Each structure stands twice: as C-alpha cells, then as structure tokens.
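Please look at the sequence and the 3D structure below before reading on. The report then goes through a few local features, one at a time.

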Amino acid sequence: MEIIDVHSNCPNCGAPVELDTEAQAFVCKYCSSIIAVVSRSSTSTETSQPSSPILRKVEPELKYQANHQVSALNAQGGHLWITKDEVVFKPHSLNFGPMGKRYIRIQDVVGYKKEALTHMSIFTKNGYEMDIVVWKKDEIINEIEKRRINFFQSQGLSVPPLQYGSGFSGSSNISDGAVSAEQMSSNSGCLGIIATFIITTSIVLYSLFA
C-alpha cells in the first residue's frame with residue numbers, strides 16, 4: 001500500500017496536497033501548478049507520522065513547444081520546460097496526469113539520443129527515457145548540459161561523463177545513436193548540407209521533366 005503524505009500545502013495556492021512519498025514532482029489539482037519535492041525531513045519514529053516535504057513551484061527559464069511520446073500510439077502535446085534544476089514536460093490541460101514520466105532532475109541526466117527530424121530522447125541514471133518531438137534539439141541539449149555541468153561544479157563535484165544510454169537493460173542500441181552536446185553542431189551541419197542537396201536536386205529534376 002502506498003504511503004500518502006497529507007501534511008503539506010501547495011506553495012502556489014496554499015491548498016492541501018496528497019502526495020505519494022516517492023514522488024519527485026506533482027501537479028496541484030487546485031491551481032494546476034507543477035510542484036517539485038525539494039527534500040523530505042526524517043519521519044518521526046515517536047509519532048509514526050509521515051514527514052512534511054519541502055515543496056517548490058516549478059518556474060520555467062525556457063519553454064519549447066513539444067510532444068511527449070508516451071507510447072507508440074499516444075503522443076501528448078504541450079511544452080518542454082527547462083529550469084536550473086529540472087527538465088519538465090508540461091502537457092496541455094486536457095492531458096494532465098502523474099508527473100512521474102514527465103519530470104527529470106538535472107543531476108539525473110546521463111545522456112541524449114538525437115534521431116531523425118524532430119525526435120530526441122533524454123536518459124536518466126534510473127533508466128528512464130523521455131521521448132519527445134521538438135524543434136531546436138541542439139539548443140535544448142546544450143541548455144540542459146550547461147545546467148547539468150553547473151549543478152555539479154557549484155557543489156565542488158566532478159561532472160560525471162555522459163553515458164549515452166550505456167548500461168540500461170533492454171537498451172543495447174541506445175549508445176549507437178546517442179551523441180554528446182558538443183557533437184550536435186557538427187551533426188546539424190552535415191544534415192543541413194544533405195537537406196540542401198536533396199532540395200536542389202528535386203528542383204533540377206522538376207525543371208527537366210515538368
């Protein structure tokens with residue numbers, strides 16, 4: 001049976017919240033704000049009462065229109081939010097639900113996979129893969145990387161190298177397509193040249209056979 005923490009209030013509207021004690025983030029059902037669980041105090045052994053977590057309203061620094069690929073037949077529209085602490089997919093109001101598959105802490109990011117057209121994935125150390133469809137993939141990865149590096153450096157820690165998805169069970173093919181943020185610019189240049197060649201060739205062929 002899940003333990004529910006009912007000793008908290010939404011930091012945005014003040015409404016009481018019921019929170020799964022394992023959740024890293026949730027959506028307030030009263031004001032629809034995304035709330036991050038910053039930390040939890042120790043549970044009291046004397047009273048056997050759940051602890052009260054420290055909560056924070058998530059405020060985006062950057063927003064990108066995106067679709068979240070929940071499954072092969074289910075894609076949700078919304079926005080990808082990037083803050084100094086997290087990456088969040090906020091769906092449109094009709095698609096709200098648990099944040100478990102939509103919230104990634106910056107320090108948990110371990111790799112990226114940039115695929116054809118507008119599809120990309122973000123991997124976490126817990127084995128979660130956030131699949132999204134979005135423009136400006138290079139920019140998004142670079143912005144996440146800047147924040148990930150700053151997180152560890154601000155605490156005097158060495159920055160863990162990106163794993164590109166290696167070590168995930170059932171994901172042996174991930175590392176083949178995953179690239180670092182530094183490689184994104186060169187890849188984009190190659191794709192641009194290829195796209196230009198295809199477009200130019202199409203125009204020439206059309207003019208010859210039209």
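The sections below cover the basis of the model, a helix, an aromatic pair and some backbone angles.

## Basis of the model

This is a predicted model, in which local features need pLDDT of at least 70 and side-chain atom pairs count only at pLDDT 80 or more, while totals for chains, interfaces and linings use all residues. Residues are numbered from 1 along each chain as its sequence is written, and side-chain values use heavy atoms, with hydrogens and water left out.

## The helix α1

Helices (H or I, at least four residues) and strands (E, at least two) are DSSP runs, numbered from the N terminus. With 18 residues, α1 reaches 26 Å from its first C-alpha to its last, close to the 26 Å expected at 1.5 Å a residue, where the expected span is 1.5 Å times one less than the number of residues.

Among the buried residues of α1 are Ile140, Ile141, Ile144 and Phe152; buried means under 20% relative accessible area, exposed over 50% and partly exposed in between, with a 1.4 Å probe and protein chains only.

## The aromatic pair

The structure holds one aromatic pair. Phe151 and Phe152 form this edge-to-face pair, with 5.1 Å centre to centre and 90° between the planes. Rings of Phe, Tyr and Trp (its six-membered ring) pair if their centres lie within 6.5 Å, and planes under 30 degrees apart count as stacked, over 60 as edge-to-face and the rest as tilted. Phe152 counts as buried because its relative accessibility is 10%.

## Positive phi angles

Leu117, in the loop between β10 (109-114) and β11 (119-124), has a positive phi near 55° although it is a residue other than glycine. Leu117 counts as exposed because its relative accessibility is 79%.

Lys136, a residue other than glycine, has a positive phi near 60°, and lies in the loop between β12 (129-134) and α1 (137-154). Just after α1, Gly156 takes a positive phi of about 70°.
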